[in-house]
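Subject: Structure handover and what was found in it

Dear colleague,

I am passing on the structure we talked about, together with notes on what was found in it. Please keep the model open while you go through them.

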Amino acid sequence: MWIGPRVTNDTVLIAGGGIGGLATALTLHQIGVPCAVFESAREMRPLGVGINLQPNAVRELLDLGITEDDLDRVGLPANEWALVGLNGNDVYSEPRGHLAGYQWPQYAVHRGQFHLLLYRKLAERSGPEAIRLGSRVTGYRKNAPGSVSALIEQADGSTSEATGKLLIGADGIHSSVRAQMHPGQPPIHWGGAVMWRGTSWAKPIRTGASFVGLGTHRQRMVFYPISHPDPETGLSMINWIAEVTMDNNEGWKQSSWFRQVGIEDFVHHFADWVWDWLDVPALIKRADGAFENPMIDRDPVPTWQDGPVALLGDAAHAMYPTGSNGGSQAIVDARVLGAAMVEHGVTPEALAAYDARLCGPVSQLILRNRGAGPFGLLNLVDERCGGTFDNIDEVIPPRERAEFMAAYKVAAGLAIESLNKAPRTIPSGARARR
Ligand SMILES: Cc1cc2nc3c(=O)[nH]c(=O)nc-3n(C[C@H](O)[C@H](O)[C@H](O)COP(=O)(O)OP(=O)(O)OC[C@H]3O[C@@H](n4cnc5c(N)ncnc54)[C@H](O)[C@@H]3O)c2cc1C
């Protein structure tokens, strides 16, 4: 018996109910397009740790009717982004969100809680049957014009098909839809950096809502709070990422890309990272456990579209998290796709317009993040003084630092003036063209 979204020939099928897939479903609901989400997980659980929602994505979330109160329940507005050298001196710092002059805040959120927030919103608006869990999309078949079928494998191993008007592959970095669209794509790319991620309760430092990247380009610790402080204890949930770059000549040796590990497996790399303002080993040891994952991405592809099928989110542009914009870009993708349907209807032409607008520039961003994204400033420090400095102005003058960061913001669609001036991606009340 079919339990799940009602699928008709007019339905847009969405493979994957992650942040990208759910933002797409909420957007299509807003513009009056029926859709159905097929998610391989059997249940929605709050998986993952911290992620940043940049002002361009927060703007889109607010336009989707998700409020700052909603976001304050799963995270907090970020006030500062800072890079600190191993001597404890600032390499660079800048205000973020409203403090930087954006009309919208930046949020640091718990990825799992935020994901569940999107899931609840979609279930409230479209009914819980809008998402079919335990349904893995294994590929697609293009039918006569105006029709595409998603091939689905249920959690019990049985198979079925769903036929609709368009298929959006939002099925993440290991996307089956992308594998069929680009059968010759190279394997996942790993540059040698390994990340251990976790959360610990601790007193937030600096502004109380600061993103701090500490160390060198080959070994660093990134941490930032993802909850408002508890009024009684003053402690916030601190998201941390401990990162070491190693030799990648033989490729990734572990059997999976994402696995739970013990703190003792990696904390020794940071044993002497202790200052009067921060004790890294103590922070790490306060966590219940950690996840190990290599920093991976995929080579860009020339197009995200194959007729009635398009890729979105990590399926389209898995990138290194150095720019903290993978989740944000998935949300922006969903909104640009919605805007294209407002203009061109629920058609392959809409997918072509979406592809033309985003595939080129976002592919450039993938490569820019490989070059360390905004953390590239640490590479410069290393090249010029081996990472040891007394006065950063003598190593990288303030103007050069500011220009470096401004160039990244332009590439990521985060230039303050242009974002503030840009009209809404989807005008209020707009519906997809019939
Ligand atoms: C479990 C998990 C934990 C994460 N934790 C973090 C984190 O802590 N910090 C961080 O910065 N980023 C994290 N990410 C990545 C981050 O969420 C994404 O980079 C970003 O949000 C883009 O989202 P996406 O929806 O495109 O991809 P994803 O978030 O990867 O979502 C893809 C979704 O599709 C589902 N799926 C996969 N294959 C299929 C298929 N064939 N058919 C149907 N469904 C399929 C997956 O179960 C998943 O729900 C995590 C991703 C996942 C899946």
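In these notes, two residues touch, or are in contact, when heavy atoms of theirs lie within 4.5 Å. This is a predicted model, in which local features need a pLDDT of at least 70 and side-chain atom pairs count only at pLDDT 80 or more, while totals for chains, interfaces and linings use all residues. Residues are numbered from 1 along each chain as its sequence is written, and side-chain values use heavy atoms, with hydrogens and water left out.

Histidine 110
Leaving aside residues up to four places away in sequence, histidine 110 touches Pro46, Gly48, Val49, Val74, Ile226 and Met237. It is found in strand β7, residues 107–110; helices (H or I, at least four residues) and strands (E, at least two) are DSSP runs, numbered from the N terminus. Histidine 110 counts as buried because its relative accessibility is 12%, where buried means under 20% relative accessible area, exposed over 50% and partly exposed in between, with a 1.4 Å probe and protein chains only. A polar atom of its side chain lies 3.1 Å from the backbone nitrogen of glutamine 113.

Alanine 202
Alanine 202 lies in strand β13, residues 189–202, and is also buried, with a relative accessible area of 7%. Not counting residues up to four places away in sequence, its contacts are Leu235, Ser236, Ile238, Leu283 and Arg286.

Aromatic pairs
The structure holds eleven aromatic pairs, counted when rings of Phe, Tyr and Trp (its six-membered ring) have centres within 6.5 Å; planes under 30 degrees apart count as stacked, over 60 as edge-to-face and the rest as tilted. Tryptophan 81 and phenylalanine 211 form a stacked pair, because their ring centres are 5.8 Å apart and their planes stand at 15 degrees. This pair links distant parts of the chain, with tryptophan 81 in strand β5 and phenylalanine 211 in strand β14, 130 residues apart. Both of these residues are buried. The rings of tryptophan 273 and tryptophan 275, by contrast, have centres 6.1 Å apart and planes at 75 degrees, so that pair is edge-to-face. Ring pairs also link Trp81, Tyr92, Phe211 and Tyr224 into a cluster.

In helix α10, residues 376–385, the buried residues are Gly376, Leu377, Leu378, Leu380 and Val381. They pack against several elements, including β5 (80–84), β14 (210–215) and α12 (398–411). After the helix comes glycine 386, whose phi is positive, near 65 degrees.

Helix α10 also gives the most to the lining of the second largest cavity, with three residues. That cavity has a volume of about 40 Å³, and among the residues lining it are Leu378, Val381 and Asp382. On a 1 Å grid over the protein atoms alone, a cavity is a set of points where a 1.4 Å probe fits but cannot get out, and lining residues have an atom within 4 Å of a point. Grid points are joined across faces, edges and corners, and a volume is the space filled by probe spheres set on the points.

The largest cavity
About 130 Å³ of space lies in the largest cavity. Of the 16 residues that line it, the closest to its centre are Gln54, Arg96, Gly323, Tyr408 and Leu414. The largest share of this lining, three residues, comes from α12.

With best wishes

Note on methods: A polar contact is a pair of N or O atoms within 3.5 Å; within protein, one must be able to donate a hydrogen and the other to accept it, and residues adjacent in sequence count only if both atoms are side-chain atoms. On a 1 Å grid over the protein atoms alone, a cavity is a set of points where a 1.4 Å probe fits but cannot get out, and a pocket is an open set with protein on both sides within 12 Å along at least five of seven lines; lining residues have an atom within 4 Å of a point.
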